[in-house]
Amino acid sequence: MTVIWAEQALLPEGWADNVRVELGADGRIARVTSGAEPQGQRVGLLLPAMANLHSHAFQRAMAGLSEARGPQPRDSFWTWRQIMFRFLDHLTPEDVETIAALVQMEMLEAGYATNVEFHYLHHQQGGGEYDDPAEMAGRIVAAAQQSGIGLTLLPVHYQFGGLDRRPLAPGQARFGTTPDRFARLLEASETALSALPPDAGIGVAPHSLRAVSPEGLEICAGLRPDRPLHMHLAEQIPEIEEVQAATGQRPVEWLLDHQPPDRRWTLIHLTHMTQDETTRLAATGAVAGLCPITEASLGDGIFNGTIWREAGGRLGFGSDSNIRISLSEELRALEYSQRLRDHGRAVLAEPGRSTGRVLYEAGLEGGASAAGRDTGAIAPGLWGDLLGVGTDNPVMVGRRGDVALDSMIFAGGDGLAAEVWAAGRHVVTEGRHVARDRIAADYMDCMRRLQDRL
């Protein structure tokens, strides 16, 4: 039995003082007691730890490599994508495992407990299959064995280069799957996950409307009907124009009319929706998977956060390209984007709940749903996904309740995540991952070797 005691903690019913949390040997929360005497691991502020609901781990290694302007008059998501295609063609399975371990370590040190990995780098250079179709998925699993993070693995179905069903371009060859090939990959990936503790899980990810046919999307929706389904949607204006030209409808309109999502679905980015699309999609219960740092980096656009929330929409947060892994910065960037657009302040705050609390609790609930994981609150029976925030510092000293969350998100930087547990595994202590030195050294060795191949 692991015992944690917090001066204050965010419980399902609100803030509580002197909270004792007991974690069972199975990694789940066994008991929560308020007004308890200090005992065990002591923290100033205890929060449920969030799931990072969207990640492409390998892209962490190309952070900083795409900031120079090329020969074209204007850089964009599409020119960045060509750089990404060229970069990934150099990656070996060993590289992918090493990069993923660093990403997961940085997620944990940022305060996330779970990595929901949108995994589409499946094959060898040129597109040939490995002997084990889940060779690359197994590398994500092996990274999680090193880091101790909770893992929801989302193998990606990626069949076409566009809505005209053109073949994949050379840079996409490592992603490609037919429906049959994808079903085999999904099964093999699920087998690979059996090497992890029981909190790990599988999901399904049809990449996007431009990469998966309507028939393929329907097949994906039926493969694991009790597990999460994720898909990119309405991220870029040229994507919307291509869908509209091919189908006569915008992406969100088409999905609502032909493959209506529900609470099982997480739709990534959604940066280009009309007011009507936003309201209708929010009503389905699908989670909006938001990655504000990456969306800003790629020039995607600004999510309709105010309309979405007013319509009862659910949301969660991910680090996507992993150019910067910071939980507080993702939440802050979403709110600030709304302020810049609407010329206001505290835009997403609600009566009785501050901006930080609205953002954090929305991210907890949406992240748990997107991960298909029993988490998101400090309550008996849920996985012991917990974040202990240091309060003996200039940012957090004297802060209580919602003001503590606001201070962490809007005034805090890196290093406030003092203690992190993932399904009861104590993986960050005093702000450092328990295997930081080894994982960081392996990554640096990998990058030196990779640099020679670029």
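**Note on a predicted model: a strand pair, the nonpolar cores and the cavities**

1. In strand E13 (residues 314-317), Arg314 and Gly316 point one way, Leu315 and Phe317 point the other way, and all are buried. Buried means under 20% relative accessible area, exposed over 50%, and partly exposed in between (1.4 Å probe, protein chains only). In a regular strand the side chains alternate between the two faces of the sheet. Strands (E, at least two residues) and helices (H or I, at least four) are DSSP runs, numbered from the N terminus.

2. This is a predicted model, in which local features need pLDDT of at least 70 and side-chain atom pairs count only at pLDDT 80 or more, while totals for chains, interfaces and linings use all residues. Residues are numbered from 1 along each chain as its sequence is written, and side-chain values use heavy atoms, with hydrogens and water left out.

3. Strand E12 (residues 287-290) runs parallel to E13, and four bridges join them; two strands pair if DSSP finds at least two bridges between them. Val287 stands opposite Arg314 in E13.

4. The largest nonpolar core has 116 residues, of which Leu270 and Tyr360 touch the most other members. Its largest share, 10 residues, comes from helix H2 (residues 93-110). A nonpolar core is a set of buried Ala, Val, Leu, Ile, Met, Phe, Trp, Tyr and Cys residues joined through side-chain atoms within 4.5 Å. A second, separate core of 14 residues includes Leu11, Val19, Ile29 and Ile378.

5. Leaving aside residues up to four places away in sequence, Tyr360 touches Leu47, Pro48, Ala49, Met50, Leu327, Leu331, Leu387, Leu405 and Met408. Contact here means heavy atoms within 4.5 Å.

6. There are two cavities of 30 Å³ or more. On a 1 Å grid over the protein atoms alone, a cavity is a set of points where a 1.4 Å probe fits but cannot get out, and lining residues have an atom within 4 Å of a point. Grid points are joined across faces, edges and corners, and a volume is the space filled by probe spheres set on the points.

7. The largest cavity has a volume of about 180 Å³. Among its 19 lining residues, His56, Phe77, Trp80, Tyr120 and His207 lie nearest its centre. Helix H1 (residues 77-88) gives the largest share of this lining, five residues.

8. The second largest cavity has a volume of about 60 Å³. Its lining includes His56, Phe58, Glu117 and Tyr120, and strand E6 (residues 112-119) supplies the largest share, three residues.

Key. On a 1 Å grid over the protein atoms alone, a cavity is a set of points where a 1.4 Å probe fits but cannot get out, and a pocket is an open set with protein on both sides within 12 Å along at least five of seven lines; lining residues have an atom within 4 Å of a point.
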